[in-house]
Amino acid sequence: ATKMALRAGLRSKRGLTGVAVMRMQSPPVNSLNLELLTDICIALEKLEMDKSCRGLIITSNQPKVFSAGLDILEMYGKSPEHCGEFWKAVQEMWLKFYGSNLVTIAAINGSSPAGGCLMAMTCDYRIMADNPRYSIGLNETQLGIVAPFWFKDTLMNTVGHRTTEMALELGLLYSPAEALKIGMVDQLVPEDQVLTTATEAMTKWLAIPDHARQITKSMIRKPTIDKLMSNREDDVKNFVKFISKDSIQKSLGVYLEMLKKRKA
Amino acid sequence: ATKMALRAGLRSKRGLTGVAVMRMQSPPVNSLNLELLTDICIALEKLEMDKSCRGLIITSNQPKVFSAGLDILEMYGKSPEHCGEFWKAVQEMWLKFYGSNLVTIAAINGSSPAGGCLMAMTCDYRIMADNPRYSIGLNETQLGIVAPFWFKDTLMNTVGHRTTEMALELGLLYSPAEALKIGMVDQLVPEDQVLTTATEAMTKWLAIPDHARQITKSMIRKPTIDKLMSNREDDVKNFVKFISKDSIQKSLGVYLEMLKKRKA
Amino acid sequence: ATKMALRAGLRSKRGLTGVAVMRMQSPPVNSLNLELLTDICIALEKLEMDKSCRGLIITSNQPKVFSAGLDILEMYGKSPEHCGEFWKAVQEMWLKFYGSNLVTIAAINGSSPAGGCLMAMTCDYRIMADNPRYSIGLNETQLGIVAPFWFKDTLMNTVGHRTTEMALELGLLYSPAEALKIGMVDQLVPEDQVLTTATEAMTKWLAIPDHARQITKSMIRKPTIDKLMSNREDDVKNFVKFISKDSIQKSLGVYLEMLKKRKA
């Protein structure tokens with residue numbers, strides 16, 4: 001399964017060299033489990049060290065979904081140790097993507113709730129399939145759980161304070177048109193043009209000298225990254241304590257049952 | 001008069017239980033005097049402790065006005081002690097509303113300048129009567145006085161930095177349509193539907209698990225609340241010192257004269 | 001040349017007293033060199049101390065351009081001492097304008113890239129000529145250089161976090177229509193009405209009591225100003241170190257060659 005979880009590689013199609021495309025392929029819905037998160041982080045780390053790589057497009061190889069978000073099975077009925085290890089992997093993914101030196105573009109070719117939305121928001125640019133059946137947003141509150149401060153910071157940096165307040169308190173999922181309107185995504189295109197549009201956008205970003213763009217990106221994102229960096233252990237402890245509560249475990253159980261019924 | 005100042009009670013109309021409606025009724029324009037502020041705080045405190053209460057709709061029982069804002073008579077020609085006591089009550093109202101565990105919805109059925117706007121902005125959601133003769137905004141500067149930092153923070157959290165700068169420096173009052181456009185209110189409806197729409201919106205908010213919503217709200221609002229909490233006494237001193245100045249007292253006197261003439 | 005660099009004086013046209021108009025006149029494109037920056041700072045300082053002066057309109061006496069931004073000749077092939085002195089003058093201009101007690105209105109009657117955009121953004125209000133051939137923005141990244149944190153802060157306070165991220169990482173120049181849409185300017189008018197519209201806007205701003213407006217402006221801008229004030233020397237050192245790099249000097253040389261060719 002590990003080998004199937006992720007396909008990343010440099011492409012040089014259309015003369016666009018130095019651009020990797022990461023295709024998440026963890027059936028059925030690219031749930032971000034420990035394995036997929038680890039694979040993503042290792043792949044990104046390699047790309048960062050590859051001097052020939054300047055940009056990364058992340059997309060999904062699964063139909064109808066970009067990523068369903070954090071895998072609830074990694075936090076339901078698991079030991080505190082496991083939950084803690086899982087949470088560290090989520091932090092690691094966010095830290096690596098939000099602080100990446102590469103130009104990162106999310107080609108959101110399907111629904112992208114919760115952790116899927118977070119991953120998309122860490123990128124420099126977001127292109128979403130204009131299909132009203134897809135949705136995107138940090139809907140944690142609807143499941144009775146709480147997006148931590150760095151999810152909140154990422155959203156606030158993207159859509160502003162008031163929209164974040166409404167979005168997080170109500171756990172809102174937005175249609176592509178709504179997401180464009182509030183600035184959660186930057187561009188909508190027909191589903192079959194998401195990846196080609198991402199490639200075109202990448203060309204524009206790569207026209208900027210890397211060092212100036214990287215220093216600028218770091219200047220803007222560093223304060224947000226530093227907040228988590230200086231609180232990683234407390235953040236893990238808080239997560240483990242919260243997720244281990246009987247009431248929260250029960251909520252997750254109810255939610256998993258609902259998912260099963262929906263499938264059947 | 002105390003008994004007339006405020007009508008708060010739980011309602012269960014339409015099967016919507018656990019929702020209190022607070023109707024400000026302090027003729028003629030619901031000026032926020034010490035008495036009304038104290039009544040509001042006591043009523044809110046009781047509701048917070050009432051486990052059967054989950055939401056609060058605040059509205060006006062006076063025609064054409066939600067609240068005219070802070071009562072200038074509480075700061076014109078009064079002793080420093082009185083001004084200080086009054087200001088503590090304003091702080092208390094803001095702290096209680098902005099940090100409330102309840103879902104708070106403002107049903108703004110009339111004009112809402114200055115302190116009236118502040119009160120509305122502390123809520124989770126704002127519905128305003130779509131009547132172009134009504135206005136809303138922090139217009140203190142127009143009277144020669146200055147909205148303190150926590151008024152500014154509340155506005156900034158609602159409409160952003162640049163709009164706040166313009167709004168506060170010019171003391172702008174917005175029509176309902178303008179207020180909707182900048183995000184000072186969330187929804188406009190015909191005047192006779194303000195309260196029913198508030199009830200409908202409340203249903204949506206109450207569909208979210210309380211604990212997740214409350215933790216999320218606190219995470220977002222706590223930094224702003226902490227700024228006042230750690231500066232309450234200085235803020236009172238600043239206010240008393242400022243409002244006691246001859247030039248400011250003179251400005252307030254001119255304004256009160258103008259109000260009298262307008263009535264006549 | 002010093003005498004030509006700037007024309008500032010009080011005007012009383014239309015009965016609007018107490019308003020100075022500063023006309024930048026440094027051919028061909030009002031590049032902000034050390035001389036012009038110094039002239040501007042001295043002129044502003046005098047106006048601040050002139051009790052009869054309440055407002056300042058800044059505009060260009062050169063055709064098609066408001067200001068082309070910082071003069072690259074002040075940082076190309078110059079000694080570290082000279083670069084440091086130049087950068088202090090840029091800081092001084094920003095500090096004086098962003099913290100000015102006057103009402104400051106930018107009458108942007110031409111293109112306004114980089115430092116020209118910064119200068120416009122320090123003002124209280126921005127009116128731009130609605131000519132699609134003009135552009136405005138902080139495009140430093142396109143030249144391989146980096147806008148420092150206080151340029152970034154000024155932009156963030158004007159257009160918000162996400163728009164700033166895109167604008168600075170891509171070094172975007174906006175058309176007047178785009179600049180209005182993102183809030184980089186406040187109003188567009190036909191080119192021949194820029195100055196008269198600025199005068200009309202000034203009337204609105206001067207209707208507000210000075211002391212209340214000034215305290216409010218300071219409350220909102222002080223945190224941003226304090227960030228530079230407490231880091232001026234480090235900021236100069238960083239600039240000198242960065243601009244002295246061989247790679248950066250080379251970039252500037254390439255850019256200057258391009259400008260020469262464009263002229264020819």
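Q: At what angle do the axes of helix α3 and α5(A) of chain A cross?
A: An axis is a line fitted to C-alpha atoms, for helices over the stretch in contact, and angles run from 0 to 180 degrees between N-to-C directions. Helices (H or I, at least four residues) and strands (E, at least two) are DSSP runs, numbered from the N terminus. In this case the axes of helix α3 (residues 80–98) of chain A and α5(A) come within 12 Å, with a crossing angle of roughly 25°. That makes α3(A) roughly parallel to α5(A); the classes are roughly parallel under 35 degrees, roughly antiparallel over 145, roughly perpendicular from 65 to 115, and oblique for the rest. This is a predicted model, in which local features need pLDDT of at least 70 and side-chain atom pairs count only at pLDDT 80 or more, while totals for chains, interfaces and linings use all residues. Residues are numbered from 1 along each chain as its sequence is written, chains are lettered from A and ligands numbered from 1 in the order in which they are written, and side-chain values use heavy atoms, with hydrogens and water left out.

Q: Is the crossing of α3(A) and α5(A) left-handed or right-handed, and which residues meet?
A: A crossing is left-handed if the near helix is turned anticlockwise from the far one by less than a right angle, and right-handed if clockwise. α3(A) passes α5(A) in a left-handed crossing. With contact taken as heavy atoms within 4.5 Å, α3(A) contributes Trp87(A), Val90(A), Gln91(A), Trp94(A) and Tyr98(A), which meet Trp150(A), Phe151(A), Thr154(A) and Asn157(A) of α5(A). Ala, Val, Leu, Ile, Met, Phe, Trp, Tyr, Cys and Pro count as nonpolar, Asp, Glu, Lys and Arg as charged, and the others, Gly among them, as polar.

Q: How is the pair α5 and α6 of chain A arranged?
A: Helix α5 (residues 149–159) of chain A and helix α6 (residues 161–170) of chain A have axes that come within 7 Å and cross at roughly 130°. That makes α5(A) oblique to α6(A). The crossing of α5(A) past α6(A) is right-handed. From α5(A), Lys152(A), Leu155(A), Met156(A) and Val159(A) meet His161(A), Thr163(A), Thr164(A), Ala167(A) and Leu168(A) of α6(A). This contact of α5(A) with α6(A) has 5 nonpolar, 3 polar and 1 charged residues.

Q: What is the angle between α5 and α6 in chain B?
A: In chain B, helices α5 (residues 149–159) and α6 (residues 161–170) pack at about 130°, with their axes 7 Å apart. α5(B) is therefore oblique to α6(B). The crossing of α5(B) past α6(B) is right-handed.

Q: Which rotation superposes chain C on chain A?
A: Two copies of a chain are related by a rotation about an axis and a shift along it. Here a rotation of 120° with 0.0 Å of shift along its axis superposes chain C on chain A, with an RMSD of 0.0 Å. That is the relation of a three-fold axis. In chain C, the C-alpha nearest the axis belongs to Gly160(C), 4.3 Å from it. Superposition is by least squares on the C-alpha atoms of residues with pLDDT of at least 70 in both copies. Chain B is superposed on chain A by a rotation of 120° with 0.0 Å of shift along the axis (RMSD 0.0 Å). In chain B, the C-alpha nearest the axis is that of Gly160(B), 4.3 Å from it.

Q: How much area do chain B and chain A bury between them?
A: The size of an interface is often given as the accessible area lost when the parts come together. Buried area here is the accessible area (1.4 Å probe) that two parts lose on being put together, summed over both. Chain B and chain A bury about 1,700 Å² between them, with 67% of it on carbon and sulfur atoms. In chain B, the residues that lose the most area to chain A are Ile208(B), Met219(B) and Ile220(B), together 32% of what that side buries. In residues, 20 of chain B are in contact with 20 of chain A.

Q: Where is the cis peptide bond in chain B?
A: A cis peptide bond joins Pro27(B) and Pro28(B), with omega about 0°. Pro28(B) is in the loop between β2 (19–24) and β3 (31–32) of chain B.
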